[in-house]
Amino acid sequence: MRYVYDYAEDAPGGRELLGGKGIGLAEMTALGVPVPAGFTITTDACRAYMSGGKVVPEGLDEQVGESIAGLEQRAGKKFGDPADPLLVSVRSGAAVSMPGMMDTILNLGLNDIAVEGQARTTGNPRFAYDSYRRLIQMYGEVVDGVAGHRFESAIADLKTARGVTGDLDLGADDLRELIGTFQRIYEEEVGEGFPQDPREQLRRAYRAVFDSWDAPRANVYRGLYGIPDDIGTAVNVVQMVFGNKGEGSGTGVCFTRNPATGEATYYGEFLVNAQGEDVVAGTRTPEPISAMHERLPEAYVQLTAAFELLEAHYRDMQDIEFTVEEGKLYLLQTRTGKRTATAALRIAVEMAEEGLISRGEAVARTDISQLEQLLHPMLDPTVEVEVAAKGLNASPGAASGQIVLDADSAAERGKAGDDVILVRWETSPDDIHGLIEARGVLTAHGGLTSHAAVVARGMGKPCVTACEGLAIDERAGTVTLGDRTLNVGDVITIDGGTGRVIVGPVRLVAPAIDENFGTILSWADEFSRLRVRANADTPEDAAKAREFGATGIGLCRTEHMFMAPDRLPIVQEMIMASTEVERRAALDRLLPVQQSDFEGIFEAMAGYPVTIRLLDPPLHEFLPAPGEATSDAMRQRIFELHEANPMLGTRGCRLGLQFPEIYEMQVRAIVRAAAAVEARAGEAPLVEIMHPLVGFREELARLRELTERVAAEEPSVAYLCGTMIELPRACIRAGEIAEVADFCSFGTNDLTQTALGFSRDDAEGKFLTYYLEHGILEHNPFEVLDQDGVGDLMRIAVERGRGVKPDLKMGICGEHGGEPRSVAFCHRLGLDYVSCSPYRVPLARLAAAQAALVDAGVTALVIGG
């Protein structure tokens, strides 16, 4: 089996075989972009290695040897040549971008003899020794697990001894001494000397990259972003080009557009006389890419030309890594750049307006999960704050939380429900579990393309990097911000949009949605077939839903209105009544306040449908606990209403059939409210009266008769009468129920409980957590619709219901209505609408459009590695 492909040759399988980095380098080679020579070890090799018990598959070593020979021929250098050696980098490159999660080794091929030859040949001993000490450090950490702090401490000790502060202040002799120190550290930790055979170095290096696919940080990252565990990573072996050859060389990371704002300007950082790891590691403070025009002018012209070529080719913002070796530019990687939600929307809109992509592509490539960033809180602009320190505005949004200084504490405290800010000198890929749970990230070092910045932007968390005036004493558990010393556990606030750091909590507000957000959603609505409604119980919720583009209310839960403090005593009086006359007297007092509630909602949703669900929960939920009863009569009534399993007891339509006066009052309040709003506004609301928990045709038939009888006694108002489908029997007998229903809406929260036999209150946080952690279930079925089980019941209901009544209106009003995968399923099922909480309406609108675009063959374009 073939496992290795050169960048200059055609290879089958594309990204899935070559990985994002490999396919990008191959495509750049074909485009004529300056790329170092190299080859890719495929994901097939990684999968064979992992499935074979971490044994290198047969034939791989031989194929790598042949490819190294080809590199030698093109470079005019020999691998392991003691006079002028060919050096390579070994880098990971999965099909799905996982920045910083797996491992890289640079300068591979040097040894004690070759480094001296390189020093003589180049006439630059400092460069040669710097390259070798980097190899020993990276190889030791990646291949043999030597703790990185041992090498970093050795560098710090040497700088202290020499009285210097920067790595560049160390001369050739200093670095030669450092090589000896590094080799002693390596031998102490590994039990043998640093390997001198370049081919042994290479074999062990690409095995280590394979192993890094299964590293804890990579597993956590894949779990966070839903990346499959079995796709493996490719390995890229690339001829080294050197950014650390002096003032005419350098390295950098840049984007063709600003990943924080989306502005169409070049964005990034570079370092003169450095290698790539220096930029992302935060060990030196980089310069903005604009300064490269003066420092490395010829390379800058080459770079901007490459920007234009690659963005036009890939039709998306590119994240590019480059090295300049003595004035000549080489591109080491291109991929779709990770960006904030604000930037993603602006880039999509502007690229569509530029004609680079279509409107459909702009909608299809908008990441739904990222849009939630735009609903994240910001600092209240009316509050005056005292800024304690300031850094780079690396990822927008704001957060307040208690200081923690390590990722383990952040993960533990965050999972426990605490708001924490992870404060570090700089984060590394090993901190991923803490970043996930923290509210935000603050670092003393690193730039706009550092690990902390990139990961925080991807997660939608605020991040401030390179914070001036921030000092950390991990042993003492203290942080200094300017002239303030704080302890672990003290509260700070970070503003990732401005880079400000404030001592103490600050009031946060929801951000305003910008015009690009509105543009994308308006384009999305052009493609959608599925309409999006909101679950709203108050006029305020209804108004917010309209603001977010809801086309109606799919669920108004009237029991929430009964729980209001000024109404609960009347409700309790109604429940305590011993006769129908007494009960009706209490209901008469509730009628005008119910009507008022409905009028407010109808006015907020003028011209749009409003589905009102009649009272659903068991009556005993409105009563105090038995120990709080104020009389024997109340205690007796509480006892009479008690049920062993109330969620499957006297609730919903069962309540309405036994105590019809309750539903009569609600129907009367709905009809009167609709008539009042029509008289005032001149526009009749589209009223839909929903009877919950129906499982039998006769239940809905009798309640429909009640609805029609009461409505006929009131001013004439058009309305629909339907039901919520939340029982398996209702799905199976949907044809019969459809005979007496104008509409049906799936209540997937309860349908999931009744279909799976899961009590949501008991499952979540208990056995369901175990199921998810151990892979028994892939998703929480209360968050992501169980399409194979609950979804099959829904399919049956749609087929049988519309088989009897083809124009039967059908929707979904459980919270699954705002979850993108569930929305796509509802589209495929042919439902008319989904309904979700107001703040999820924009996400559902986009999901509905993307589902329709998939049908049209328009999907997101993804490039990266």
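Let me start with one pair of residues. Valine 90 has isoleucine 105, in strand S6, as its bridge partner. Keep in mind that this is a predicted model.

Now step back to the strands. S5 covers residues 88-94, and its pairing with S6 is antiparallel, over 3 bridges. Both belong to an open sheet of 5 strands. The order is S1-S2-S7-S5-S6, and the pairing is antiparallel.

Which strands stand at the edges? They are S1, residues 4-6, and S6, residues 104-108. Each has a single partner strand, so one side of each lacks a neighbour in the sheet. On average, neighbouring strands here are turned by 20 degrees against each other, ignoring direction.

Next, what packs on the sheet? Helix H1, residues 14-31, does. H1 touches S1, S2, S5 and S7. Its direction makes about 125 degrees with that of S5. Helix H8, residues 198-212, also packs on the sheet. H8 touches S2, S5, S6 and S7, and its direction makes about 145 degrees with that of S7.

Last, a helix pair. Two packed helices are described by the angle between their axes and the distance between the axes. For H6, residues 148-162, and H7, residues 172-190, the angle is about 150 degrees. Their axes are 10 Å apart. The crossing of H6 past H7 is right-handed.

Who meets whom? From H6, the contact includes Arg150, Phe151 and Arg162. From H7, it includes Asp174, Phe182 and Glu189. By class, the H6 contact with H7 holds 7 nonpolar, 1 polar and 6 charged residues.

Technical notes: Residues numbered from 1 in each chain as written. Predicted model: local features only at pLDDT ≥ 70, side-chain atom pairs only at ≥ 80, totals over all residues. Heavy atoms only, no water. Axes fitted to C-alpha atoms, helices over the stretch in contact; angles between N-to-C directions. Helix = DSSP H or I, 4+ residues; strand = E, 2+ residues; numbered from the N terminus. Left-handed = near helix turned anticlockwise from the far one by under 90°. Contact = heavy atoms within 4.5 Å. Nonpolar A, V, L, I, M, F, W, Y, C, P; charged D, E, K, R; others polar. Pairing = 2+ DSSP bridges.
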